[in-house]
Amino acid sequence: MSIPQRPPAPPKGESVTIEPGRYPVFSSTVVMGLNRALRDPETAAKAQEAVASATQPMRESVLQYIARIEEAARAEDFARIYQESHEIRGLAGNANLAATARIANELCRYLDAYQQAGCTPERPVIRLHLEAISRSVSSEECASELGDTVANELAQLVAKKLAEINGPETPA
């Protein structure tokens, strides 16, 4: 049995994009140690600084995922649109792009419900989400001033569309 080799660490200050399905898994002991370390104010400040310095590369990664989604949309590959949106949701959440994460989450929710109902998602709804994701990532102004408003409006649209196929949605 061979032990897989760990890839080299990126240069200090650079981020690495992890391919879907290749995320590291940590033992509970490691997770507990990380949790203890992050409660330390100095470590927490360094972690915040690291995330802040990686925001622009993460935004660029989100834009790459959007290009993949657009390609999948042209092929009407709704499963792939869902997968790429799911990746955006997690990446945006880690990059402090809350509105982007919420918009991607609503797209995932919409696609999942339509798939479960055996219905074909509507292209204009997907396009609206992609445009909103792209704009919320491309500038601080769009993300801060319009991001939450757009995310709320798209959430209402998704709720309406889901009600059309499932009946009224019950609060969680």
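In which hand of crossing does α3 pass α4? The crossing is left-handed; that is, the near helix is turned anticlockwise from the far one by less than a right angle, whereas clockwise would be right-handed. The model is predicted, so local features need pLDDT of at least 70 and side-chain atom pairs count only at pLDDT 80 or more, while totals for chains, interfaces and linings use all residues. Residues are numbered from 1 along each chain as its sequence is written, and side-chain values use heavy atoms, with hydrogens and water left out.

The protein has 7 helices and 0 strands. Helices (H or I, at least four residues) and strands (E, at least two) are DSSP runs, numbered from the N terminus. The order of elements from the N terminus is α-α-α-α-α-α-α. Of the 172 residues, 28% are buried (under 20% relative accessible area; exposed is over 50%, partly exposed in between; 1.4 Å probe, protein chains only). The accessible surface is about 11,400 Å², by the Shrake-Rupley method with a 1.4 Å probe. Carbon and sulfur atoms hold 54% of that surface. Among contacts with a separation of 6 or more, 65% join residues 24 or more positions apart. Contact means heavy atoms within 4.5 Å.

Two packed helices are described by the angle between their axes and the distance between the axes. Helix α3 spans residues 55–74 and helix α4 spans residues 78–94. They pack at an angle of about 170°, with axes 9 Å apart. This angle makes α3 roughly antiparallel to α4 (over 145 degrees; under 35 is roughly parallel, 65 to 115 roughly perpendicular and the rest oblique). Axes are lines fitted to C-alpha atoms, for helices over the stretch in contact, and angles run from 0 to 180 degrees between N-to-C directions. On the α3 side, the contact includes M58, V62, Y65 and I69. On the α4 side, I81, I88 and L91 are among the residues involved. By class, the contact has 11 nonpolar, 3 polar and 5 charged residues.

The loop between α3 and α4 holds E76. Phi of E76 is near 55°, a positive value in a residue other than glycine. Most residues other than glycine have a negative phi. E76 is partly exposed, with a relative accessible area of 44%.

H129 lies in helix α6, residues 123–138. H129 is buried, at a relative accessible area of 0%. Leaving aside residues up to four places away in sequence, H129 touches I103, E106, L107, L154 and V158.

Key
Ala, Val, Leu, Ile, Met, Phe, Trp, Tyr, Cys and Pro count as nonpolar, Asp, Glu, Lys and Arg as charged, and the others, Gly among them, as polar.
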